[in-house]
Amino acid sequence: RDTTPDVEGTATPGASVTVIIDGQDVGTVTADPMGRWTFTPTMPLAEGPHDVRARQSVNGSTSGDSASNRFVVDTRGPPTTLAVTPADSTEGTTVTASGVTEPNARVTVYVGMTPVGTVNADANGLWQQPLPSASIPPGEYDVSADATDAAGNTGPRSQVVRVIVRQADSQWGGGGFGGLGGCASVPGPALVMLALVLRRRRAAR
């Protein structure tokens, strides 16, 4: 997460150590009486992989290059896509957030501004996280996500997906019978049977 990382090593005490990054001499430092040395690049390194090695000079004699070390400069968090299915549902339905990000990144899903779940993306960057039903009672919600890579960089928040959770219908059809008032609670077959009984009584008279 550092564009000017410290480079450390050991050499002959008092030696002049030249540091080489990506094949270029980038600076010189003197080893202390214990032979330890530290060098910090003066110019920021670009994002991505780099190679570093060193050589020492003692009394006019210069050694060959040391073994190399590879490292990665990573200061940018990974972006992630987001889809939510179903985006329009009734309460009790399982609502799932999913998307694609950097492989193995840690994804956090938010309902509004509240984090409601985390999941690791797989080796292909795919991730999927069911939303806890307690977090989405009937109403309208904005769902989003962000991802954090292995270096600890958190990327930008994804696009926001509006999710609608509707209240489940009542026992006798809910909104479908709303215009009938109190009659909505009386099933159709009971009305038919009542009419037949009345007709039979009239015929008996």
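Q: In which loop is asparagine 59 placed?
A: Asparagine 59 sits in the loop between β5 (48–58) and β6 (61–62). The model is a predicted one.

Q: Why is asparagine 59 called exposed?
A: Exposed requires a relative accessible area over 50%. Asparagine 59 has 81% relative accessibility, so it counts as exposed. Its phi is positive, about 50 degrees, although asparagine 59 is not a glycine.

Q: What makes asparagine 104 exposed?
A: The cut-off is again over 50%. Asparagine 104 has 55% relative accessibility and therefore counts as exposed. This residue is in the loop between β10 (96–100) and β11, and has a positive phi of about 70 degrees without being a glycine.

Q: Why is glutamine 24 called exposed?
A: Glutamine 24 has a relative accessible area of 53%, and exposed means over 50%, so the label applies. Glutamine 24 belongs to strand β3 (residues 24–30). Its C-alpha atom is separated by 9.9 Å from that of aspartate 51, 27 residues apart along the chain.

Q: What makes the pair of aspartate 149 and asparagine 153 a polar contact?
A: The backbone nitrogen of asparagine 153 lies 2.8 Å from a polar atom of the aspartate 149 side chain. The distance limit is 3.5 Å, so the pair is within it.

Q: How do you know that β14 and β15 pair?
A: Pairing needs at least two bridges. Strands β14 (residues 139–148) and β15 (residues 161–166) have 5 bridges, in the antiparallel sense, so they pair. Valine 143 stands opposite valine 161 in β15.

Q: Why do β9 and β12 stand at the edges of the sheet?
A: The open sheet has 5 strands in the order β9-β15-β14-β11-β12, with mixed pairing. β9 (88–90) and β12 (114–120) each have a single partner strand, so one side of each is left without a neighbour in the sheet.

Q: Which residues have the most contacts inside the largest nonpolar core?
A: They are Leu82, Val84, Val109, Trp127, Leu131 and Val143, in a core of 21 residues. The largest share, 4 residues, comes from β14.

Conventions:
Residues are numbered from 1 along each chain as its sequence is written. This is a predicted model: local features need pLDDT of at least 70, side-chain atom pairs count only at pLDDT 80 or more; totals for chains, interfaces and linings use all residues. Side-chain values use heavy atoms; hydrogens and water are left out. Helices (H or I, at least four residues) and strands (E, at least two) are DSSP runs, numbered from the N terminus. A nonpolar core is a set of buried Ala, Val, Leu, Ile, Met, Phe, Trp, Tyr and Cys residues joined through side-chain atoms within 4.5 Å. Buried means under 20% relative accessible area, exposed over 50%, partly exposed in between (1.4 Å probe, protein chains only). A polar contact is a pair of N or O atoms within 3.5 Å; within protein, one must be able to donate a hydrogen and the other to accept it, and residues adjacent in sequence count only if both atoms are side-chain atoms.
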